[in-house]
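Student: Please take one part of this structure and examine it closely with me. Then relate that part to other places along the chain.

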Amino acid sequence: MTDVAVQVRELRRAFGRKQVLDGVSMDLRAGCVTGFVGSNGSGKTTTLRAMLGLLPAEGRTLFFGRPLAAWRAPSRIVGAAFAGVAGHPKHRVRHHLHMVAAGAGVPTRRADELLEQVGMREAADIRLSALSLGMSQRIGIAQALVAAPRVLILDEPANGLDPHAIRWLRDFLRTIADTGTAVLLSSHLLAEMQQMADRVAVLSQGRVVAEAAMSDLLAYADRQSVVQIQFAPDDAPALTGLSRRHGFELRRTGPDTADITGINREKLARLCLDLRVPLFQLSEDRSSLEDFYLTIAHEEFKIA
Ligand SMILES: Nc1ncnc2c1ncn2[C@@H]1O[C@H](COP(=O)(O)OP(=O)(O)OP(=O)(O)O)[C@@H](O)[C@H]1O
């Protein structure tokens, strides 16, 4: 599904002299999980708040072609969660969600269903102040979903989650997106997004500098990575032939060492195994996706 659910256009916002948003534009697609990434302080939260009209900003955000305020029941259009759950710390989880449901004009049984869906039934009687960060994130998501919105916006939802909970979140968001909901989640960790998002929008210096399918971004990362190998000098011609046949670049750095670009470590290892060329060292200077993100941010990289 590629229907555009949300169009964000030219958002601008300064705090004092600092131009935090300098023309942020992006599209969110229905049925798609979009990761919104940018380093700490790059303006992700500011963008989300501006999109939702929680913060005055120049520019516009259209939800299914209209500003949010033009919809009769905005909570059915978009649900959002910022840093876990917002509510009275003394309220207990179930009571809190019932109040949110009542406020949104939906039956309280919807809140109970969501509590079940986010795996928090056992936490129903816990006070909001006693929730762990991970629990609070889940309840925040339940709260955002209470009116079954067509767009779900989550600010750093993976914060404080352990790997098991991140897997849960990924599967949960996939289920939500599969119903046609457009999901936007922000994070300063690209590695997390790699697990969760179909598409990614990269925020840098107040603008979205890349918007692409996650698979394209990862393929680009592969092309940028450098694999260092060590081999038997006799195998040099075989490796050169392999590089020609498979279109990767091999640059000799010594009689038995080379730097390779244009192919990732796993694929290279498989090709060498097939060719029966033993490698004595195989390391990849892909650094990390974090470093890769910094590269994109600096190069103002655009993926077609
Ligand atoms: N109300 C405010 N008043 C002044 N400055 C603000 C305000 N809100 C945000 N900022 C500044 O705007 C910049 C962007 O902040 P924002 O919280 O949007 O970044 P972020 O990308 O969400 O960061 P993080 O990943 O750390 O959550 C920061 O420099 C922050 O200090």
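Tutor: Gln 230 stands opposite Gln 281, a residue of strand β14. This is a predicted model, in which local features need pLDDT of at least 70 and side-chain atom pairs count only at pLDDT 80 or more, while totals for chains, interfaces and linings use all residues. Residues are numbered from 1 along each chain as its sequence is written.

The pair belongs to an antiparallel arrangement in which strand β11 (residues 226-231) is joined to β14 by five bridges. Helices and strands here are DSSP runs numbered from the N terminus, helices being H or I with at least four residues and strands E with at least two. Two strands are said to pair if DSSP finds at least two bridges between them. β11 and β14 are part of an open sheet of four strands, ordered β12-β13-β11-β14, with antiparallel pairing. At its edges stand β12 and β14 (279-284); each has a single partner strand, so one side of each is left without a neighbour in the sheet. Ignoring direction, neighbouring strands of this sheet are turned by 20 degrees against each other on average. (Such angles are taken between axes, which are lines fitted to C-alpha atoms, for helices over the stretch in contact; they run from 0 to 180 degrees between N-to-C directions.)

At the β12 side of this sheet, strand β12 (residues 249-254) pairs with strand β13 (residues 257-261), again in the antiparallel sense and over five bridges. Gly 254 has Thr 257 of β13 as its bridge partner, and a hairpin of two residues carries the chain from β12 to β13.

The protein is divided into domain 1 (4-214) and domain 2 (226-285), with bounds that come from an automatic or database domain assignment. Taken over C-alpha atoms, the centres of the two domains are 44 Å apart. An unreviewed UniProt entry lists residues 6-230 as "domain: ABC transporter"; UniProt positions are given in the numbering used here, feature names are shortened, and annotations may be inferred rather than shown by experiment. Over residues 6-230 the chain is 36% helix and 31% strand, with its end C-alpha atoms 50 Å apart.

Gln 205 has a positive phi of about 50 degrees, although it is not a glycine. It is partly exposed, with 14 other C-beta atoms within 10 Å. (Buried requires 20 or more other C-beta atoms within 10 Å of a residue's own, exposed 12 or fewer, and partly exposed lies in between; C-beta atoms are placed from the backbone.) Phe 64, in the loop between β4 (58-63) and β5 (66-67), also has a positive phi of about 50 degrees without being a glycine. Phe 64 is partly exposed, with 17 other C-beta atoms within 10 Å.

The ligand has a shell of residues that includes Phe 15, Val 20, Ser 42 and His 188, a residue being near it if its C-beta atom, placed from the backbone, lies within 6 Å. Helix α1 (residues 44-51) supplies three residues, the largest share of that shell. The shell consists of two nonpolar, eight polar and one charged residue. (Ala, Val, Leu, Ile, Met, Phe, Trp, Tyr, Cys and Pro count as nonpolar, Asp, Glu, Lys and Arg as charged, and the others, Gly among them, as polar.) Six of the eight residues of α1 are buried, so this helix is largely enclosed by the rest of the structure. Among the buried ones are Lys 44, Thr 46 and Leu 48. Just after α1, Gly 53 takes a positive phi of about 75 degrees.
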